[in-house]
Amino acid sequence: MTRPVGRTGIFQLAGSAQGSALVLSQPLSFWGGIDAETGDIIDHSHPGLGENVAGKILVMPSGRGSSSSSSVLAEAIRRGTAPAGILMERPDPILAVGAIVAEFLYGMSVPLVVCDISGIVSGHRIAIGLGEDTRAIIRI
């Protein structure tokens, strides 16, 4: 299998991060889906049940509501159990609010990027950075 080497994306919240990819095939709700104390996926209906997002680059099609997901993400960021960064195919305003609030309140940033996620598999090492034109640069 040929490994992708890089791509660009659009930031929902700019920043830089590095980590191992955790690829989810389905959208995930942080409300009822993530334990903010541990970073574990606890949604029993999600195929990622039991995986841990802490310090990973979370890769998924999009978030999946509820509006309370923003508060769970902000709390996970505060506790250090959040993903290091999030890559999604579609923008998610709810997760963006959580990340923005955490950056404002705690000075801690988790970049959110909208980009092509095809070809990324769990375990790939990913680095998210800021390009010259303020676009996200994703190195795999």
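Met 60 touches residues from several parts of the chain: Leu 24, Gln 26, Leu 28, Phe 30, Ile 86, Leu 87, Met 88, Glu 89, Leu 95 and Ile 117, with residues up to four places away in sequence left out. The model in which these contacts are found is a predicted one.

**Overall form**

The chain holds two helices and seven strands. Read from the N terminus, their order is β-β-β-α-β-α-β-β-β. The radius of gyration is 14 Å, which agrees with the value near 14 Å for a compact globule of 140 residues. Along the principal axes, the C-alpha atoms fill a box of roughly 35 × 35 × 20 Å.

Of the 140 residues, 46% count as buried. Among contacts with a separation of 6 or more, 77% are between residues 24 or more positions apart. The chain exposes about 6,600 Å², and carbon and sulfur atoms supply 54% of that area.

In soluble globular proteins, nonpolar side chains tend to be buried together. Here the largest nonpolar core has 25 residues, and those touching the most other members are Phe 30, Leu 58, Met 60, Leu 73, Ile 86 and Leu 112. At least two residues of this core come from each of β3 (57-60), α1 (69-79), β4 (85-88) and α2 (93-106). Helix α1 gives the largest share, five residues. Another core lies apart from this one; it has 15 residues, including Leu 87, Ile 120, Ala 136 and Ile 138.

**Helix α1 and what follows it**

The buried residues of α1 include Ser 69, Ser 70, Val 72, Leu 73, Ala 74, Ala 76 and Ile 77. Their cover includes β4 and α2. Beyond four places in sequence, Ala 76 touches Ala 36, Thr 81 and Ala 82. Ala 76 and Ala 99 are 23 residues apart along the chain, and their C-alpha atoms are separated by 9.9 Å. Just after α1, Gly 80 has a positive phi of about 80°.

**Phe 11 and Thr 134**

Phe 11 is part of strand β1 (residues 6-13). With neighbours within four places in sequence set aside, Phe 11 is in contact with Pro 111, Leu 112, Val 113, Ile 128, Gly 129, Leu 130, Thr 134, Arg 135 and Ala 136. Asp 35 is 24 residues from Phe 11 in sequence, and the two C-alpha atoms are 25 Å apart.

Thr 134, one of the contacts of Phe 11, sits in the loop between β6 (125-130) and β7 (136-139). Its phi is near 65°, a positive value in a residue other than glycine.

The cut-offs here are under 20% relative accessible area for buried and over 50% for exposed.

| Residue | Relative accessibility | Class |
|---|---|---|
| Ala 76 | 1% | buried |
| Phe 11 | 15% | buried |
| Thr 134 | 57% | exposed |

Phe 11 counts as buried because its 15% is under the 20% cut-off. Thr 134 counts as exposed because its 57% is over 50%.

Notes. Residues numbered from 1 in each chain as written. Predicted model: local features only at pLDDT ≥ 70, side-chain atom pairs only at ≥ 80, totals over all residues. Heavy atoms only, no water. Helix = DSSP H or I, 4+ residues; strand = E, 2+ residues; numbered from the N terminus. Rg over C-alpha atoms; globule rule 2.2 N^0.38 Å. Buried < 20%, exposed > 50% of the residue type's maximum accessible area, 1.4 Å probe, protein only. Contact = heavy atoms within 4.5 Å. Areas by Shrake-Rupley, 256 points an atom, 1.4 Å probe, with all protein chains shown as cover. Core = buried A, V, L, I, M, F, W, Y, C linked by side-chain atoms within 4.5 Å.
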